[in-house]
Amino acid sequence: MSAIAAVAPRRPLGTRSIRFKLVAVMLGVAALTLALAGAGILVYARTSFDRQMAQQLQTLADVIALNSTGALAFGDAKVATETLSALRGDAQVRAAALYLAEGRLFASYAREPGTVEVPDRLDLLPYYEHAGDRVVLTDLVMLKDRPLGALYLVADTTQWDEIWHGYTGILVALFLAVLTVGLLLSVWLQRLFSRPVLDLAGLMHRIGRERDYTLRAGKFADDEIGALVDGFNDMVAQIERRRLEVEQARAELESRIVELNVEMAERERAEQALRRSEERERAHAAELQSVMEAVPAVVFVARDPECQIVTANRAGYELLGLPPGSNVSRTPSPGAAPPPFRVLHDGRELPSGELPVQRAARTGSEIRNFELEVALPGGKRHVLLGSAVPLLGPDRRPRGAVAVFVDIAERKRAEEALRASEERYRTLVSATTSVVWTTDPAGRFVEPQPGWQAYTGQTWDEYRGLGWQEALHADDRERVLAAWKRAVETGEGYESETRLWHAPSGRYRYVAARAAALRDQAGGIREWIGTFSDIDDRKRAEEQFRLAVEAAPNAMVMIDQDGRILLANRELEALFGYEREEVIGQPVELLVPERSRALHPDQRRGFFADPRARTMGAGRELYGRRKDGRQVPVEIGLNPIVTNEGVLCLASIIDITERKRAEQEFRRYTEELKRSNRELAQFAYVASHDLQEPLRAISGCVQLLQQRYRGKLDQRADELIEHAVSGAVRMQTLINDLLAYSRVDSRARPFERCDLGQPLAQALANLQLAIAESGATVTSDDMPVITGDPVQITQLLQNLIGNAIKFRGDQPPRVHVGVDRKGERVLFYVRDNGIGIEPQYFERIFGVFQRLHTRTHYPGTGIGLAICRKIVERHHGRIWVESAGGKGSTFYFTLQAGSAQDEQPGQYRHGG
């Protein structure tokens with residue numbers, strides 16, 4: 001218990017008395033309950049006050065709005081002001097105002113001028129707002145479902161302060177009463193519970209201090225505290241019994257310890273004698289092991305006549321690939337597996353009993369100069385040469401054996417490599433296409449050269465000594481002889497390309513000659529060995545390649561892997577302003593702008609690491625640096641060229657200055673076109689929006705004339721008014737359609753993955769009245785997931801299905817929305833059984849305000865299909881129609897498929 005108490009976390013009330021805890025709990029519960037109840041009462045009172053306040057203001061607003069209808073209808077501000085002044089009888093109303101239909105202030109009232117600001121304009125939207133110490137209410141003034149204006153009321157909430165103070169006083173008094181009752185109750189409870197517990201705690205402290213486990217606690221009652229006292233007394237009794245048992249066990253343990261000390265002293269003396277003997281043996285074995293480890297050879301030791309246990313030195317274990325201390329015997333004890341290597345002699349595997357160690361231990365005789373081969377797992381082999389001698393015991397009988405071997409695998413491999421090298425040289429000389437020749441240290445032919453004679457046609461008498469130089473081309477002879485003389489004098493390697501007479505073809509051909517000095521042990525030249533290869537075809541191909549590069553219309557440059565320029569054509573001279581001799585042998589970075597030179601070597605190494613034809617710097621703008629320092633925009637193509645000297649790089653460089661200029665002009669024209677389109681769309685939207693305001697005024701006035709004077713004037717006046725009303729309505733429809741057309745771009749939403757079944761369902765819900773009135777039946781295929789604007793897709797489907805219902809024939813409309821998936825694009829179609837369209841109008845119907853019928857037959861503005869085309873084109877699709885007069889129509893359009901698998905939300909069917 002003490003250990004647990006030492007690590008238990010301390011709680012806020014852990015060190016307080018039970019009396020304090022009871023008082024704290026009772027008072028806390030009472031205070032929390034009263035606080036929650038008081039908060040609920042205040043919240044309910046506030047809610048009831050706000051609701052009653054809103055109802056009173058709404059009733060007052062309805063009365064004022066009803067009395068202000070006439071004043072607003074006839075524009076009588078005086079009557080409106082008098083109506084608002086009637087609010088002086090309501091002390092809560094601080095200000096009020098009436099606004100005309102366009103939101104302009106018409107009349108106002110303030111209980112105390114200057115304390116409340118009334119806005120000059122107001123949106124005609126009913127609302128109710130509670131802001132601080134006041135309430136604002138706005139209500140519409142209606143006349144036959146038409147808004148004449150709005151009423152604006154501002155009232156204060158000072159009455160709530162009086163209610164608040166009353167409730168607060170009651171709650172404070174109630175709180176004090178509850179705390180008093182809780183305090184008295186906690187005092188009574190602590191007398192009932194804390195005294196028995198304190199007595200029990202005091203007894204526990206006394207037992208712990210005096211170690212007297214015969215003490216017992218008194219029991220006051222049979223409740224839970226009484227049960228606690230009984231449990232405490234039982235625990236003390238058990239502790240007393242355990243104490244007596246432990247004392248008895250301790251006495252027995254002390255007696256046994258004395259006996260064990262005597263036995264351990266005797267055992268210690270025997271172990272010391274044994275350790276001294278083992279130390280002598282270990283010292284002897286360590287000396288032997290040191291000798292074995294110091295020997296620069298493989299040593300095997302068998303310590304028993306049967307050679308069941310054979311150990312090795314470090315060199316032996318390393319050769320066999322086994323851990324030190326392993327048993328390497330090929331004749332281990334029964335049940336043990338031999339090590340995983342084989343021993344061979346003269347190509348056959350030796351039986352375990354014929355191994356040198358086993359034979360020496362079995363026969364007692366020495367085995368001298370025995371060669372064997374050890375084959376390890378994985379194919380590695382060692383050739384060993386050595387001897388084995390027996391270890392004799394005091395009775396002169398073998399008790400084991402020792403074998404010492406030397407690894408001669410390297411010597412064997414060297415001998416074999418020498419034989420193979422000689423064989424390869426003989427084979428190479430006879431099979432190579434190159435001509436092999438030898439000379440003495442002075443560079444003279446001293447023995448016949450069959451290869452030279454066959455190539456040049458010279459006889460032995462003609463080319464012996466230095467006569468071979470007569471076969472060289474006259475223009476090359478001086479250069480070749482100077483290089484050969486320098487090689488003979490210095491002993492360095494000889495290499496040159498020259499023209500040599502070729503007897504079979506009857507002309508001189510290019511050859512590449514190389515020679516190296518063969519030296520003796522003293523370092524002197526014993527002879528020269530050389531070859532020459534016919535490279536005439538390669539030289540001619542190189543010349544043709546050079547001519548092709550020179551004739552190329554682009555700048556061409558060839559570089560090696562070190563970045564040195566090997567070849568350049570005249571177009572490169574014209575592009576960069578250098579003479580050809582100025583760039584040959586120079587690093588290619590000479591043609592690279594200074595800001596890119598540091599990165600160019602890494603890019604060049606990357607090309608040669610993966611040599612393939614490619615465009616340099618894909619996606620980046622590249623520039624070349626002219627001799628005068630100017631930078632030129634270029635396009636570079638890289639091609640690897642494989643030669644005998646390794647892989648080279650041939651670069652084609654095109655000056656794209658004119659192309660860049662054209663691209664800049666194109667981008668400028670494109671940006672101007674985009675800006676013009678944006679300004680045009682914004683102009684159409686603003687113009688349409690601004691036209692609606694005067695049109696509403698005209699329409700309202702004309703409709704008011706129609707309501708007041710219909711039948712009071714002559715028939716001609718009624719017809720003119722009817723035409724004016726109809727024209728205003730048509731103009732309003734045209735403006736709304738024009739706004740819808742411009743919003744396809746101006747109010748467009750970002751594309752997203754969209755289940756087309758949802759826009760289709762929304763379109764059919766919008767057309768539900770037309771479907772019911774016409775008795776139409778609309779069906780659809782399973783709709784896929786597409787990528788697009790769901791709102792515009794809904795408008796697209798609604799326009800197409802609506803047209804199919806509107807342009808119907810004598811039969812009830814039947815409309816089907818179909819889909820045909822074609823890879824990343826999805827083809828949709830809307831097919832109907834309506835009146836059809838003649839082919840000559842297929843393109844016209846998609847224009848703005850294009851109609852094929854009069855308004856008396858089919859109402860509308862002719863902009864619906866134009867909106868459809870604009871929506872589809874925004875989705876990077878195409879829309880077209882197939883139809884014939886009187887045979888129905890099918891409108892097709894394509895959309896982008898969604899990135900995930902198509903969903904199958906089911907079919908839709910709506911019928912009238």
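Predicted model: local features only at pLDDT ≥ 70, side-chain atom pairs only at ≥ 80, totals over all residues.
Q: Let's start with charges. How many salt bridges does the structure hold?
A: The structure holds 28 salt bridges.

Q: Which residue does R444 meet in a salt bridge?
A: R444 meets D440. The N to O distance between their side chains is 3.1 Å.

Q: And D440, buried or exposed?
A: Buried. D440 has a relative accessible area of 11%, and the cut-off for buried is under 20%. R444 has 40% relative accessibility, so R444 counts as partly exposed.

Q: What about D476, what does its side chain meet?
A: The side chain of R499, in a salt bridge at 3.0 Å, N to O. D476 lies in helix α11 (residues 474-490) and R499 in strand β14 (residues 494-502), so this pair ties together parts 23 residues apart in sequence.

Q: How accessible is each of those two, D476 and R499?
A: D476 is buried, with a relative accessible area of 7%. R499 is partly exposed, at 22%.

Q: Next, D536 and R540. Where do they lie?
A: Both lie in helix α12 (residues 536-551). They are 4 residues apart, about one turn of the helix.

Q: Is D536 buried or exposed?
A: D536 counts as buried because its relative accessibility is 2%. R540 is at 45%, so R540 counts as partly exposed.

Q: Which residues are linked with D536 and R540 in a network?
A: R507, R509 and D534.

Q: Switching to rings. How many aromatic pairs are there?
A: The count comes to 19 aromatic pairs. One of them is F445 with Y463, which is edge-to-face. Their centres are 5.7 Å apart, with 85° between the planes.

Q: Where do F445 and Y463 lie?
A: F445 lies in the loop between β13 (435-439) and α9 (450-456). Y463 lies in helix α10 (residues 460-463), so the pair ties together parts that are 18 residues apart in sequence.

Q: Buried or exposed, F445 and Y463?
A: Both are buried.

Q: What about the rings of F607 and F608?
A: Their centres are 5.4 Å apart and their planes sit at 80°, so this pair is edge-to-face. The cut-off for that is over 60 degrees. Both F607 and F608 are buried.

Q: Back to F445. Which residues are in a cluster with it?
A: Ring pairs link F445 with W437, W452, Y455, W460, Y463, W468, W484, Y494, W528 and F532.

Q: Which ring does R330 lie over?
A: R330 lies over the face of F341, 5.4 Å from the ring centre. R878 lies over the face of W880, at 3.9 Å from the ring centre.

Q: Where is L176?
A: In helix α4 (residues 158-210). L176 is at 53% relative accessibility, so L176 counts as exposed.

Q: Last one, G347. Where is G347 found?
A: In the loop between β8 (342-345) and β9 (348-349). G347 counts as exposed because its relative accessibility is 67%.

Q: How far is the C-alpha of G347 from that of L372?
A: The two C-alpha atoms are separated by 9.1 Å. Along the chain, G347 and L372 are 25 residues apart.

Note on methods:
Residues numbered from 1 in each chain as written. Heavy atoms only, no water. Helix = DSSP H or I, 4+ residues; strand = E, 2+ residues; numbered from the N terminus. Buried < 20%, exposed > 50% of the residue type's maximum accessible area, 1.4 Å probe, protein only. Phe/Tyr/Trp six-rings, centres within 6.5 Å; stacked < 30°, edge-to-face > 60°. Lys NZ or Arg CZ within 6 Å of the ring centre and 35° of its normal. Salt bridge = Lys/Arg side-chain N within 4 Å of Asp/Glu carboxyl O.
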